[in-house]
Amino acid sequence: MADKTDPLVLDLVEWIAREPRVYREVIATWRSSCPRLTIWEDAVDLGYVARETVAGLGLVVTVTAEGEKLLREQGRSIRRERSACH
């Protein structure tokens, strides 16, 4: 599992923090066939992002409180953009 300060995990969490993302978009964007690049899996395993079902949208990925804490500690943005999911 990646160190919690892995720059790619931070990038993923920051990207999702801007707005909740539809699960299929997250997987299409961040999935890798390389077994050494487990960015999505690491973010989930470390509790930085979570999946939830939203009526009308299906499975959506959001940043958890732990993910927001990580972003603040690393000086990353947690500002929200206008949501494309809602």
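Predicted model: local features only at pLDDT ≥ 70, side-chain atom pairs only at ≥ 80, totals over all residues.

Q: What do I look for at the start of α1?
A: Look for a side chain reaching a backbone nitrogen. Here a side-chain oxygen of Asp-6 comes to within 2.8 Å of the backbone nitrogen of Leu-8.

Q: Which residues of α1 are buried?
A: An α-helix has 3.6 residues a turn, so residues three or four places apart point the same way. In α1 the buried ones are Val-9, Leu-10, Leu-12, Val-13, Glu-14, Trp-15, Ile-16 and Ala-17. Their cover includes β1, α2, α3, β2, β3 and α4.

Q: How many aromatic pairs are there?
A: Ring centres within 6.5 Å make a pair, and the count here is two. In one of them, the rings of Trp-15 and Trp-30 have centres 6.1 Å apart and planes at 50°, so that pair is tilted. It joins helix α1 to helix α2, across 15 residues. Both Trp-15 and Trp-30 are buried.

Q: What about the rings of Tyr-23 and Trp-40?
A: Planes over 60 degrees apart count as edge-to-face. The centres of Tyr-23 and Trp-40 are 5.8 Å apart with planes at 65°, so this pair is edge-to-face. Tyr-23 lies in α2 and Trp-40 in α3, 17 residues apart.

Q: Is Tyr-23 buried or partly exposed?
A: Tyr-23 is partly exposed, at 25% relative accessible area, while Trp-40 counts as buried at 8%.

Technical notes
Residues numbered from 1 in each chain as written. Heavy atoms only, no water. Phe/Tyr/Trp six-rings, centres within 6.5 Å; stacked < 30°, edge-to-face > 60°. Helix = DSSP H or I, 4+ residues; strand = E, 2+ residues; numbered from the N terminus. Buried < 20%, exposed > 50% of the residue type's maximum accessible area, 1.4 Å probe, protein only. Contact = heavy atoms within 4.5 Å. Polar contact = N/O pair within 3.5 Å; in protein donor to acceptor, adjacent residues only side chain to side chain.
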